[in-house]
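Q: I would like to learn how to read the features of a model like this one. Where do we start?

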Amino acid sequence: MLTQFIGLVLQAIDERRQKRRAEAKYSYQKTIPCTTLRITIHPQVMEWLSAPHLLIAGATGSGKSVMINLFIHDLLSKAPGDVAFILIDPKRVELVQFKDLPHTMLYTSERSEMIHALNGAIQIMEDRYREMQKNGQRKYTGGHVYVIIDEYADLIVTDKKIVEPLVLRLAQLGRAANVHLIIATQRPTRDIVTGSIKVNVCNRFALHCPTAQDSRNIIGQNGAELLPPYGEALYYSPTGLEHFEIPMIPDSEMDRVIQHWEQYT
Ligand SMILES: Nc1ncnc2c1ncn2[C@@H]1O[C@H](COP(=O)(O)OP(=O)(O)OP(=O)(O)O)[C@@H](O)[C@H]1O
Ligand SMILES: [Mg+2]
């Protein structure tokens, strides 16, 4: 019942966002100049974001939330009708700054609501599949929804038997419906980052990890335990393993973009 309600609320929010879309799009392009930072990191971040789903794992303080901010910053170059967020923030402080963006369909840090948020995302996905079926399409052509979870271990401990199947369903079917997962965790152990999660989330960043075992569980080999405490990542994708430096978006830049968009909320 509550899930259905959340589904309806999300649908209403989605309709409102679509209306604001054109208007917001152009004013964003006018207001935000291309900083040097954007020009250099944008193509790489876009490439990462073209993955169906992403997992970011590493020790506490290794820069998981910095990476999520980097992705959100990049996605905020798009208008609310093109990109939407469902933000799940069990730690209460990691994603709260994005709560009032017009892109944010749902923000939750309450245990009781997190499962409904996942169900809401599944409902969006299923509605999109129904629409695709009706139109004879194999790929959804509308906007992208990003379900962002920071921190996954805290979410899954609420009730693994319920949470994991929901996350897996989104991971398995989300791609064609433009519903994506970005999952961060500081506990890349086998009981959290399970084999089934890895089969479905094939693009994975290992930031600095406490042990070689953690590194192996994320990217299939040792190495992330030797990275500096933050700022570098090993990136595993179906095309192989790469080593990247990770830029950090300065708070002032993030605030500027957030302030810009909040005018349209
Ligand atoms: N890529 C980076 N460049 C520069 N500084 C960074 C980078 N990544 C992390 N840091 C520094 O490390 C701090 C901690 O990063 P962050 O909050 O992203 O860690 P985290 O992995 O999310 O930790 P936690 O598990 O506690 O949430 C940042 O506030 C920043 O000072
Ligand atoms: Mg964090």
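Q: How many helices and strands does the secondary structure of the chain come to?
A: This is a predicted model. The chain has nine helices and eight strands.

Q: What percentage of the residues count as buried?
A: Of 265 residues in the chain, 39% are buried. As for contacts between residues at least 6 apart in sequence, 70% join residues at least 24 apart.

Q: Which residues of helix 4 are buried?
A: The general idea is that an α-helix has 3.6 residues a turn, so residues three or four places apart point the same way. In helix 4 the buried residues include Met 114, Ala 117, Leu 118, Ala 121, Ile 122, Met 125 and Arg 128.

Q: Which residues have the most contacts inside the largest nonpolar core?
A: In soluble globular proteins, nonpolar side chains tend to be buried together. Here the largest nonpolar core has 65 residues, and Ile 86, Ala 121, Val 147, Ile 148 and Ala 206 have the most contacts inside it. Helix 4 gives the most to this core, with seven residues. Beyond its neighbours within four places in sequence, Val 147 contacts Ile 86, Ala 121, Leu 170, Val 179, His 180 and Leu 181.

Q: How many residues surround ligand 1?
A: There are 13, and the closest are Gly 63, Lys 64, Ser 65, Tyr 230 and Met 248. By class, four residues of the shell around ligand 1 are nonpolar, eight polar and one charged.

Notes: Residues numbered from 1 in each chain as written. Chains lettered and ligands numbered in written order. Predicted model: local features only at pLDDT ≥ 70, side-chain atom pairs only at ≥ 80, totals over all residues. Near = placed C-beta within 6 Å. Nonpolar A, V, L, I, M, F, W, Y, C, P; charged D, E, K, R; others polar. Buried ≥ 20, exposed ≤ 12 C-beta atoms within 10 Å, placed from the backbone. Helix = DSSP H or I, 4+ residues; strand = E, 2+ residues; numbered from the N terminus. Contact = placed C-beta atoms within 7 Å. Core = buried A, V, L, I, M, F, W, Y, C linked by C-beta atoms within 7 Å.
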